[in-house]
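Reader: I would like to learn how to read the features of a model one at a time. Please give the general idea and then the case at hand.

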Amino acid sequence: KRKKKMNKTNKIVICAVGLFCIPHFLLRIVYCLYQQRRKYAGIKHLPGLRGNFLLGFAPDLQKNLNNYQYWKLDLIKSQKMYVLRTPLFSHTPYIMVNDPEVVKHILKDR
């Protein structure tokens, strides 16, 4: 079996793709971290389950998957609003509302 030799052009193309992809990937991670910090800045004062940095509330959800509805009711029982931290690459926080006045305010003013 004969091995194919890489010529100079192929090496340049591979280096160029690598030089583009690695910074792009790192920039994407930094941007996701910035977006997550920004999306939680306005709601960090609300009570909630902060969860894991990368996975959010997914580990707690997995533990309580069999009684999901009761788990959510237990979380929000004593609060008007409750925030569940979403995973790193998710773009929206998960907010549960229990107070009719808050729901009315959200629907009317938003």
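Reader: In which helix is Trp 71 found?

Author: The model is predicted, so local features need pLDDT of at least 70 and side-chain atom pairs count only at pLDDT 80 or more, while totals for chains, interfaces and linings use all residues. Residues are numbered from 1 along each chain as its sequence is written, and side-chain values use heavy atoms, with hydrogens and water left out. Helices (H or I, at least four residues) and strands (E, at least two) are DSSP runs, numbered from the N terminus. Trp 71 is found in helix H3.

Reader: Is Trp 71 buried or exposed?

Author: Buried means under 20% relative accessible area, exposed over 50%, and partly exposed in between, with a 1.4 Å probe and protein chains only. Trp 71 has a relative accessible area of 10%, so Trp 71 is buried.

Reader: Which residues does Trp 71 touch?

Author: Contact means heavy atoms within 4.5 Å. Not counting residues up to four places away in sequence, Trp 71 touches Leu 49, Phe 57, Asp 60, Leu 61 and Asn 64. The C-alpha atoms of Trp 71 and Leu 61 are 8.6 Å apart, and the two residues are ten apart in sequence.

Reader: Which residues make up the largest nonpolar core?

Author: A nonpolar core is a set of buried Ala, Val, Leu, Ile, Met, Phe, Trp, Tyr and Cys residues joined through side-chain atoms within 4.5 Å. The largest has seven residues: Phe 57, Trp 71, Leu 75, Ile 76, Tyr 82, Leu 84 and Met 96. The elements that give two or more residues to this core are H3 and E2, and H3 gives the most, with three residues. Leu 75 is in contact with Tyr 82, Leu 84 and Met 96, leaving aside its neighbours within four places in sequence. Another core, of six residues, lies apart from this one and includes Tyr 40, Ile 43, Met 81 and Val 83.

Reader: In what order do the strands of the sheet run?

Author: Two strands pair if DSSP finds at least two bridges between them. Here three strands form an open sheet in the order E1-E2-E3, with mixed pairing. Strand E1 (48-49) and strand E3 (94-97) are the edge strands, each pairing on one side only. E1 and strand E2 (residues 81-84) run parallel and are joined by two bridges; Gly 48 stands opposite Val 83 in E2.

Reader: Where does helix H3 lie, and at what angle to E3?

Author: Axes are lines fitted to C-alpha atoms, for helices over the stretch in contact, and angles run from 0 to 180 degrees between N-to-C directions. Helix H3 (residues 68-76) lies across E1, E2 and E3, and runs at about 75° to E3.

Reader: How many salt bridges are there?

Author: A salt bridge is a side-chain nitrogen of Lys or Arg within 4 Å of a carboxyl oxygen of Asp or Glu. The count comes to two salt bridges. One joins the side chains of Lys 77 and Asp 74 (3.4 Å, N to O), and both residues are exposed. Another joins the side chains of Lys 80 and Asp 99 (3.8 Å, N to O). That pair links distant parts of the chain, 19 residues apart: Lys 80 is in the loop between H3 and E2, and Asp 99 in the loop between E3 and helix H4 (100-109).

Reader: Are Lys 80 and Asp 99 buried or exposed?

Author: Lys 80 has a relative accessible area of 56% and is therefore exposed. Asp 99, with a relative accessible area of 17%, is buried.
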